[in-house]
Amino acid sequence: MNNRTILKRTFAAAVIAGLSLTAAAQRHPRELGPAPELAFKLVRPATFTLDNGIRCFYLEDRELPLVSVTGLIKGGSLHEPAGKVGLASLFGTVLRTGGTRKLTGDQINEELEFLAASIESSTGPQNTSIRAGSLKKDFGRLVELLADLIMNPEFRQDKIDLARNQSLESMRRRWDQPYQVAMLLFNEKLYGADSPYGRRATPASLQAVAREDLLDFHRRYFAPGNLALGITGDISQKEARAALERVFKSWPKKTVAIPEVPPLAEKADGTVYYAAKDTPQGNVWMGHLGIAARSPDEFKVKVMNDILGGGGFTARLMKELRSNRGLTYGIYGGVSEGIGRERGAFRIGSQLKADRFVEAIDLVKSIIRDMQDNPVSDEEIATAKNSLVNSFVFRFEQKGQILSQFMQLKLDGYPDDYLDAYIENIRAVSKADVREAARKHMDLEKMIIVVVGDEKRFDRPPASLGGKVESIDLRALQEAEKVK
Amino acid sequence: MKKPGNPLRFGTLALILVLGLGPLAGQNLEDKVHARTLKNGLTVLLIERHGAPVFSTVYGFKVGSVDEVAGITGTAHLFEHMAFKGTPKIGTSDFEKEKPIMEDVDRVGREWSLELAKGERADKAKLARLREELTALEAGQSKFIVKDEIDVIYSNVGGVGLNAGTGTDQTLYMISLPSNQLELFCLVESERIRNAVLREFYTERSVIQEERKQTTDAVPTRLLSEMFMAAAFMAHPYGHPVVGWASDIHSVTLEEALAFKNRYYTPNNCVLAIAGDVDPAKAWPLVERYFGDIPRGEDPPVLRTVEPKQLGERRVRFEFDAEPLLMMGFHKPAFLTKEDAAASVLAYVLTSGRTSRLSKDLVQDKQIAVSISAGSGPGQRYPNLMTFSGVPRFPHTVEELEAAVLEHIEKVKAEPITDRELQKVKNNIGASYVRSMSSNMGLAMTLMRYQLLFGDWKLYLKYKDIVDGVTARDVMDFARTYLTPENRTVAVLVKKAKAD
């Protein structure tokens, strides 16, 4: 990309200095001339493949004597067996804390912390990520430990028990905050309690996970052909490559087939779910399924989101509910894309003034309806597109961020020129496109509404939100989960 | 799309500064930082980092909730919200026509607020009449309002992270911009400092009432922390919450907010830091031209109240619909003292990382807790607290956790920490100084804070020397002197017994 897309403004200071003392400020920004050209070149990491097939992304960063390495391995909670929900999350923790064949987790802790270095891992729905960082002088040792953890994790039983106990405690505590409870219920209702996307770990499912399951998960997904590594910092590509070849050389070439996850079925049917909780605000999440990854509507939806609820205070939801009416501290939402073959979600969430709760949700609906029925204004679409285009440069602010962005795009199957074409794709979106996206990807009839709050404090009962109301008993859910 | 649940703008800064011990190795920092104090007293730090063509800025006023008195708690934070409503040039289509309506809004709003403040004894009919009158006036004014124009201006040029935060000690305003937008930044922000217009005051007051419910009343850790601080400080204003007490947020007037602003929002009480791809030769003339003629103000008033020495343990026990939590704290001297540095080292040894004493013993071995962290709070300008926050693991109780933490504190009083522990802390602090220089906003915030609160950004470098000078003996002395039963405040949240 070049800089033509960035608004221009001239430094007039030298010319005008002394000309006027008070007029410098006390002007409207539109009275400023065009800004200077912004010189920006898209920075791209180098790529190379190790002898055993590990794909590497590299970006030099000589500013500070630091190095960092990130590993991404496909396979996550979407792929865990139904009776063992929570396996992947436990795996992500104990991969690091359980140590390696040679070293216990405690020994690794002691060594890393003394060096002011760190290695941390976690497993999400799609993949495991493992992030390592140290001072430059400790790079050699850092990658030795990293490789050992990736190739030879031991999953010692005491650390499995520790991680499980910690998870059980967070399950007890996941009912403490009303907005989180609403989110949890929304995910379950949106995706279905049995779907890999909507199911959640319970004490029983977590108890069912044994050390052998973690070893099996490792055997299944951890192989050179399924690992991508990103390296950045005060080190040359040659040095980095040599060090990585050395530490991973004992790992034999192997590829992995990631199992297909059954496609999502839309379950949203306009139901209102109400969970009573004694809390000062009305907590709400509403929505239905979103668009697929690489959908042809991706950029139309991005612009629409910015105008509806993604663009902070310039977005309609925030402007109307917070700024004009004082009904909430914040409201965000929009239609997200899926990852891989999956669909994302259309969702809006907020914590609303209880005695105007139903009024506020009706207002959200009318804002959506308006975006479906009428074109957005010229100013709105210009601001949304300018914002997306001109802030693009911030995707390249930090080297580590550039690296992980490219790795993630590659892993998720985006084309290599995705970022090069990004700005032109945003610029091509029209007002008609925004309206079409609003009509096609948001459906008020289908949308489910999950409410957590105290209906006695509401302006009107949840039933007046339309649709059938289903009550959810939080206490019963909590009791059902209690560890026996 | 930005994910729902992102941190919202205008947050109150976290009450406890977790002791990551911020920053540094001095890596040529002195070559990168250019400092200048303008004639009106505004200190500006330009920090050169020529990576991506962007810069981040933060400016702070040395005013926070610690500068509030009873009745107007939350005003520093409230004004921070109002600073986004524009100026006579920004946020309006015709200021001359808007102005007289605003004056009526101010008059009716004040009358309404004062009546509201009577609580139960308020005249309901009068309240309704005034509210109606106010709504009509606001509707009239709204015809001239250009909504959230500061946001629109910055969004159009690609600005990100327009935000602000209020803490006990300071109020901060931030934005990051492409590097060709420095003049726009200077224009908008100098206008805002000079001439903020408090549009839509009563709507924003309502937003903050919701903010309080969302971020305190519905959040067990925050609610407990509020009660804990109120118990630990009897006299000093560190005892009241940054967001303010609900009654005060409910009734503070526009006039009071403006008076508060005029007292503290002066260039001589402000530091501006700009970090990133900036050329000092081009930046200084712009900074001088836009910010240089904001009139200097009077020095802000001196806070007289000193927290009396605590003479006995204070305890808070609080029942709520949530799992149990523990907070504990001990009064200690202010930041940049040797005692405070010893407390930082001790906090590190006790709870930082998996090899720290409490994490190893209480979280990993005995598994009494799922987390425990030591820190310092709620501010740095005045003597404050060394704090411990713990989350017990069922079936272990807050009482067990409290006893276990106290046992470790006794151990620190009895035996010096080891050489290896001390060295580990110092290694980590050294590395964190290096890491702190990898982000424009992080660097701008850190240096700005040292300059604003303590008068010299270079104290950031000196702080590392202070910590490097801490010995095992200093840590033991600190524990013996300050971590005593009579100097202790303990607050616990326990789960409410079932109502049915």
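I began with two helices of chain A, α4 (residues 139-151) and α9 (residues 237-248), whose axes come within 9 Å and cross at roughly 35 degrees. Axes here are lines fitted to C-alpha atoms over the stretch in contact, with angles from 0 to 180 degrees between N-to-C directions. Helices are DSSP runs (H or I, at least four residues), and strands are E runs of at least two, numbered from the N terminus.

I noted that this is a predicted model, where local features need pLDDT of at least 70, side-chain atom pairs count only at pLDDT 80 or more, and totals for chains, interfaces and linings use all residues. Residues are numbered from 1 along each chain as its sequence is written, with chains lettered from A and ligands numbered from 1 in the order in which they are written.

Which residues meet between α4(A) and α9(A)? I found A:F139, A:G140, A:V143, A:E144 and A:A147 facing A:A243, A:L244, A:V247 and A:F248; contact means C-beta atoms, placed from the backbone, within 7 Å.

Next I looked up the largest nonpolar core, which has 264 residues. It is a set of buried Ala, Val, Leu, Ile, Met, Phe, Trp, Tyr and Cys residues joined through C-beta atoms within 7 Å; buried means 20 or more other C-beta atoms within 10 Å. Helix α12 (residues 338-351) of chain B gives the largest share, nine residues.

Lastly, I saw that 73 residues of chain B are in contact with 79 residues of chain A. On the chain B side, α7(B) gives the largest share, nine residues.

Key:
Contact = placed C-beta atoms within 7 Å. Buried ≥ 20, exposed ≤ 12 C-beta atoms within 10 Å, placed from the backbone.
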